[in-house]
Amino acid sequence: MKNPLPVLYLVVPCYNEQNILPVTSKLFEKEIFNLIQEEKIDRKSRILFVNDGSTDCTWKIICDLSQKSEYICGISQSRNRGHQSSLLAGLMEVKDLCDIAVSIDCDGQDDIHAIGEMITAFQDGNEIVYGVRSKRETDTFFKRFTAEGFYKLLNWMGVEIVFNHADYRLLSSRVLKELAGFKEVNLFLRGMIPLIGFKSTIVYYERMERIAGESHYPLKKMLSLAFDGITSLSIKPIHMITGMGFGVALLSFIGVVWSVMVRFTGAAVSGWASMTCIICFIGGIQLICMGIIGEYIGKIYTETKSRPRYIISSRVGNGWADTRCLSGVAGQEEESHEQ
């Protein structure tokens, strides 16, 4: 007996994408149609655009697209909450509607033809399929250096992450339901997904130039994302602070022994330079350590308040009513939806 075709939902976070959305939406829809014709996915498969509180015409475009195509639907967050929050909202929205979900950015840089390979890998028994860049020739030297340094830093800090993998991946409905059990408010999905486990594999693809518009991930956001990933999934910085404390304490002890020896040999020379250097060094170390500890305390503070990770204000397409709302609250069970 032939196995039933999987229902695929393509989850696409969008923020101020009015220039590129009309172009990439056609590419996504064409790929879904081709996969249906090739009998790789079921006809119930859909494309879900997630509007992350855009200030331009992104949501209006999504609404228009949903009226023109049965394959397109959309949800809109009540305000801008960031890429990770929007991605999680989309995945949680479709977890009870699909067999597999593929997350992809709206900019058209990720090769959509790799979705077919991901589906084949899923049919071979893999619950998670990571889309990984095969090379970075289209990046500038600075972009390539900082991006690769980002992954190496996270791995060195103890964060389990797939090298050169962003958020282009296939997840089975089983994985999505397990992901719903992760209740943290501070989201770093690239590090959270590997923690779920299950059989996984990698599909390599070539990343292309952005079709239109500008990237929403400059260096500042990349550094912020890296810091969030480290502080959300690793306590190695705390261990480093402890080691640094022991090192400074050892140097201080050596300094005390040296000063006592110099004092009794009569070779002591009064001066403020050495004392100032020592005070500044110790003060700087203390401030850095307090700052890192403060970041962890801040994370704990936001987690304990259990505020919503996302709030959906509107839905279009796929039979959803525009006025329905859903809050993705940590520790709260998401309601199911009618297809």
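Accessible area here comes from the Shrake-Rupley method with a 1.4 Å probe. By that method, the protein chain exposes about 17,700 Å². Carbon and sulfur atoms supply 60% of this area. The model is a predicted one.

Start with the whole chain. Its secondary structure comes to ten helices and nine strands. Of its 339 residues, 45% are buried.

Next, confidence. The mean pLDDT of the protein chain is 78, and 73% of the residues reach 70 or more. Among the elements, β4 has the highest mean, 95. Strand β9, residues 326-329, has the lowest, 38. Over residues 321-339 the pLDDT is below 50. Beyond near neighbours in sequence, this stretch still has 53 contacts in the model. Where pLDDT is low, the predicted coordinates should not be read in detail.

Now turn to helix α4, residues 114-123. Seven of its ten residues are buried, so the helix is largely enclosed by the rest of the structure. The buried ones are Ala 114, Ile 115, Gly 116, Met 118, Ile 119, Ala 121 and Phe 122. What do these buried residues of α4 pack against? They meet strands β1 (8-14), β4, β5 (128-133), β6 (165-172) and β7 (200-205), along with helix α1 (21-37). Just after α4, Gly 125 takes a positive phi of about 110 degrees.

The largest nonpolar core holds 37 residues. Leu 8, Val 12, Phe 49 and Ile 115 touch the most other members. Elements giving two or more residues to this core are β1, α1, β2 (46-51), α2 (58-68), β4, α4, β6 and β7. Helix α4 gives the most, with six residues. In soluble globular proteins, nonpolar side chains tend to be buried together.

A second, separate core has 32 residues, including Leu 48, Cys 73, Leu 87 and Leu 97.

Cysteines come next. Cys 73 counts as buried because its relative accessibility is 0%. Cys 14 is buried as well, at 1%. How many disulfides does a search of the whole structure find? The search finds zero. For Cys 14, the closest cysteine sulfur is in Cys 106, 3.9 Å away, which is too far for a bond. The cut-off for a disulfide is 2.5 Å between the sulfur atoms.

Two more residues round out the tour. Is Lys 95 buried or exposed? Lys 95 is buried, because its relative accessibility is 7% and the limit for buried is under 20%. Lys 95 sits in the loop between α3 (83-94) and β4 (100-103). A polar contact of 3.3 Å joins its side chain to that of Asp 96.

Met 290 lies in helix α10, residues 273-305. At 57% relative accessibility, Met 290 counts as exposed.

Definitions and conventions:
Residues are numbered from 1 along each chain as its sequence is written. This is a predicted model: local features need pLDDT of at least 70, side-chain atom pairs count only at pLDDT 80 or more; totals for chains, interfaces and linings use all residues. Side-chain values use heavy atoms; hydrogens and water are left out. Helices (H or I, at least four residues) and strands (E, at least two) are DSSP runs, numbered from the N terminus. Buried means under 20% relative accessible area, exposed over 50%, partly exposed in between (1.4 Å probe, protein chains only). A polar contact is a pair of N or O atoms within 3.5 Å; within protein, one must be able to donate a hydrogen and the other to accept it, and residues adjacent in sequence count only if both atoms are side-chain atoms. pLDDT is the predictor's confidence in each residue, from 0 to 100. Contact means heavy atoms within 4.5 Å. A nonpolar core is a set of buried Ala, Val, Leu, Ile, Met, Phe, Trp, Tyr and Cys residues joined through side-chain atoms within 4.5 Å.
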